Amino acid sequence: MRHLIKLCWAAALSLTALAPDARADDYQLSHNQRISCSRGLAPGKLNTATCKSYTYLFNTKTSEYFRCQVSLALTRDNKEVINVQTDGGCTKKARIFETDGKYDFDATETEPPNTNSFFGPGGYSIWAADTAAQKIRGCITISSGLGSDISKCLDMTFQ
């Protein structure tokens, strides 16, 4: 009988070791990706096209998020592609809510810099909602043009 109890305990322990962690974080990709491209002419009839795209990866448990960007630059002349360069990565941002929960979110960015861009490259907004309560927080981050970004969040009121 003791052997049977030990066998059951061993089986239970091995099943719990194989089971996924119940506290594992869930990640959600932003549904609002954008791409922007620009062209430039260089001396010697070279053409350069640069495209950038971004997305956000959101931790639906902790409300931390990452801003991810990828870029590709292509240089060519009239006959061939001379150079292709890629770059990218993700930057971790602060959590939106102080406590863990079950959150949903969306994100968007301003258009790329242009003549109307007073503060440099612009900014982005993040909306996050607690899926278990009537709770929404909107956050806007803009470049101050002085080296650091300014970010503020506001809890929404319901009338």
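Biologist: Why are D155 and R137 said to meet in a salt bridge?

Modeller: In this predicted model, the side chains of D155 and R137 come to 2.5 Å, N to O. A salt bridge requires a Lys or Arg side-chain nitrogen within 4 Å of an Asp or Glu carboxyl oxygen, so the pair qualifies.

Biologist: What makes this pair a tie between separate parts of the chain?

Modeller: D155 belongs to strand β9 (residues 149-155) and R137 to strand β8 (residues 135-143), so the bridge connects parts 18 residues apart in sequence.

Biologist: How many salt bridges does the whole structure hold, and why is K102 with D26 called one of them?

Modeller: The search finds six. The closest N and O atoms of K102 and D26 are 3.6 Å apart, and the cut-off is 4 Å, so this pair is a salt bridge. K102 lies in the loop between β5 (81-93) and β6 (103-109), and D26 in the loop between α1 (2-18) and β1 (27-29), so parts 76 residues apart in sequence are tied together.

Biologist: What makes R95 and D100 a salt bridge?

Modeller: Their closest N and O atoms are 2.7 Å apart, which is within 4 Å, so the term applies. R95 is partly exposed at 31% relative accessibility, and D100 is partly exposed at 45%.

Biologist: Why is Q28 called buried?

Modeller: Q28, whose place is in strand β1, has a relative accessible area of 19%; the limit is under 20%, so Q28 is buried.

Biologist: How do you know that the side chains of Q28 and D104 make a polar contact?

Modeller: The value for this side-chain pair is 3.3 Å, and a polar contact needs N or O atoms within 3.5 Å, so the pair meets the distance limit. The C-alpha atoms of Q28 and D104 are separated by 8.2 Å, although these residues are 76 apart along the chain. Leaving aside residues up to four places away in sequence, Q28 touches several residues, including Y56, F58 and F105.

Biologist: Why is the link of C37 and C51 called a disulfide?

Modeller: The S to S distance is 2.0 Å, and the limit is 2.5 Å, so C37 and C51 form a disulfide. The torsion about their S-S bond is about 115°, so the disulfide is right-handed. C37 is in strand β2 (residues 34-42) and C51 in strand β3 (residues 46-59), 14 residues apart. At 53%, C37 is over the 50% limit, so C37 counts as exposed, whereas C51, at 23%, is partly exposed.

Biologist: How many disulfides are found in the whole structure, and what makes C139 with C153 one of them?

Modeller: There are three. C139 and C153 have an S to S distance of 2.1 Å, which is within 2.5 Å, so they are joined by a disulfide. C139 lies in strand β8 and C153 in strand β9, so parts 14 residues apart in sequence are tied together. Another disulfide is formed by C68 and C90, with sulfur atoms 2.0 Å apart.

Terms used
Residues are numbered from 1 along each chain as its sequence is written. This is a predicted model: local features need pLDDT of at least 70, side-chain atom pairs count only at pLDDT 80 or more; totals for chains, interfaces and linings use all residues. Side-chain values use heavy atoms; hydrogens and water are left out. Helices (H or I, at least four residues) and strands (E, at least two) are DSSP runs, numbered from the N terminus. Buried means under 20% relative accessible area, exposed over 50%, partly exposed in between (1.4 Å probe, protein chains only). Contact means heavy atoms within 4.5 Å. A polar contact is a pair of N or O atoms within 3.5 Å; within protein, one must be able to donate a hydrogen and the other to accept it, and residues adjacent in sequence count only if both atoms are side-chain atoms.
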